[in-house]
Amino acid sequence: MLGTDMCKAFSGTHIVKASDIDLNEEWLHYADVRNKVQMREDIVPFKPDLIINLAALTDLEYCEGHPKDALMTNYVGAKNLMEIAKELDIPYVYISTAGIFKGDKDHYTEQDKPEPTSVYGKTKYDGERHVLHNYHKSYVFRAGWMMGGGKKDKKFVGKILKQLDAGASTIYAVEDKEGTPTYTKDFSECLYNAVFTERLSYGLYNMVCEGHVSRFDVAVEILNHLDLDVDVVPVDSEFFSADYFAPRPTCEALVNNRLNVMGKNIMRPWKTCLQEYLNDRR
């Protein structure tokens with residue numbers, strides 16, 4: 001989802017070498033962040049100026065059932081790439097998540113202490129802490145509810161659009177969970193701006209769209225923008241508990257406090273981004 005827009009953001013001014021374990025584009029080549037030897041052989045000859053780690057296991061239910069896999073990708077993978085960046089003495093970027101918070105506040109800044117409740121959240125927080133504590137040229141950018149990627153969109157917006165494409169007449173959406181949508185295009189451009197254009201100081205940054213909402217609010221906005229005669233029914237999380245059983249924060253809304261203080265926040269309002277994404281999809 002994020003990799004496509006990240007490559008677009010950087011390829012205008014840099015030579016980008018993009019890898020994945022799922023070779024779904026001709027411009028990708030195989031590499032696995034869990035294998036440090038392989039990653040080093042892949043990265044060092046390229047002589048990069050920057051390493052961006054987008055690799056993550058983000059399926060919360062899979063992570064609950066496969067904690068070792070989650071740890072290997074979200075923590076060990078983060079550690080492996082950080083060590084390679086440290087060896088090369090170049091900046092390192094790790095993408096973290098709003099899902100590392102307990103959910104008992106109405107929003108979170110970079111100053112709030114994470115208390116993850118899921119395997120996914122715990123392994124991402126492990127990765128975040130490790131890179132920040134062990135390499136001074138590390139950036140950690142926290143994202144919220146990702147949307148973007150078109151056909152690769154596996155998250156909430158993508159799932160709603162898939163239901164609509166299949167002819168659904170009723171959409172059920174959770175209203176007891178709140179977060180901050182994060183458009184992959186804005187996130188990529190803001191990250192580029194932070195790392196290269198502005199060369200912000202290393203460290204931790206929240207990087208989400210402006211405003212926080214429920215899943216139900218997002219579904220309503222999708223239907224309103226597409227002008228479809230489809231019912232959106234608000235439900236609580238229990239409605240989907242058989243399929244989505246991993247613990248999730250009641251609220252994981254982030255505020256871009258550091259970017260705002262620095263005057264470098266170029267993330268747009270979530271409705272603006274959602275509407276642009278839906279228009280581009282047509």
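User: In which helix is Thr-73 found, and is Thr-73 buried or exposed?

Analyst: This is a predicted model, and in it Thr-73 belongs to helix α4, which covers residues 67–88. Buried means a relative accessible area under 20%, and the value for Thr-73 is 9%. Thr-73 of α4 therefore counts as buried.

User: Which residues is Thr-73 in contact with, leaving aside its neighbours within four places in sequence?

Analyst: Once the neighbours within four places in sequence are set aside, the contacts of Thr-73 include Ala-78.

User: How do α2 and α4 pack, parallel, perpendicular or oblique?

Analyst: Helix α2, made of residues 36–43, has its axis 10 Å from that of α4, and the angle between them is about 40°. Angles under 35 degrees would count as roughly parallel and those from 65 to 115 as roughly perpendicular, so an angle of about 40° makes the two helices oblique to each other. The residues that meet are Lys-36, Met-39, Arg-40 and Ile-43 on the α2 side, and on the α4 side Asn-80, Leu-81, Glu-83, Ile-84, Glu-87 and Leu-88. The crossing of α2 and α4 also has a hand, and that hand is right-handed.

User: How far apart are the end C-alpha atoms of α10, and what span should its residues have?

Analyst: Helix α10 runs over residues 270–281 and has 12 residues. The expected span is 1.5 Å times one less than the number of residues, so α10 should span 16 Å, and this agrees with the distance between its end C-alpha atoms, which is 16 Å.

User: Which residues of α10 are buried, and what do they pack against?

Analyst: The buried residues of α10 are Trp-270, Cys-273, Leu-274, Glu-276, Tyr-277 and Leu-278. They pack against the strands β6 (145–147), β9 (181–183) and β11 (213–214), and also against the helices α6 (156–165), α7 and α8 (215–226).

User: At what angle do the axes of α6 and α10 cross, and which residues make the contact?

Analyst: The axes of α6 and α10 come within 13 Å of each other, and they cross at roughly 40°. That angle makes α6 oblique to α10, and the crossing is right-handed. From α6 the contact uses Val-157, Leu-161 and Asp-165, and from α10 it uses Leu-274, Tyr-277, Leu-278 and Arg-281.

User: Is Arg-142, which Phe-187 touches, buried or exposed?

Analyst: Not counting residues up to four places away in sequence, Phe-187 touches Arg-142 along with others, including Leu-2, Met-6 and Ile-95. Arg-142 is part of strand β5, residues 138–143. Because its relative accessibility is 1%, Arg-142 counts as buried.

User: Where does Lys-122 lie, and what is its relative accessible area?

Analyst: Lys-122 is part of helix α5, residues 119–134, and, leaving aside neighbours within four places in sequence, it is in contact with Pro-116 and Thr-117. Lys-122 is partly exposed, because its relative accessible area is 42%.

Technical notes:
Residues numbered from 1 in each chain as written. Predicted model: local features only at pLDDT ≥ 70, side-chain atom pairs only at ≥ 80, totals over all residues. Heavy atoms only, no water. Contact = heavy atoms within 4.5 Å. Helix = DSSP H or I, 4+ residues; strand = E, 2+ residues; numbered from the N terminus. Buried < 20%, exposed > 50% of the residue type's maximum accessible area, 1.4 Å probe, protein only. Axes fitted to C-alpha atoms, helices over the stretch in contact; angles between N-to-C directions. Parallel < 35°, antiparallel > 145°, perpendicular 65-115°, else oblique. Left-handed = near helix turned anticlockwise from the far one by under 90°.
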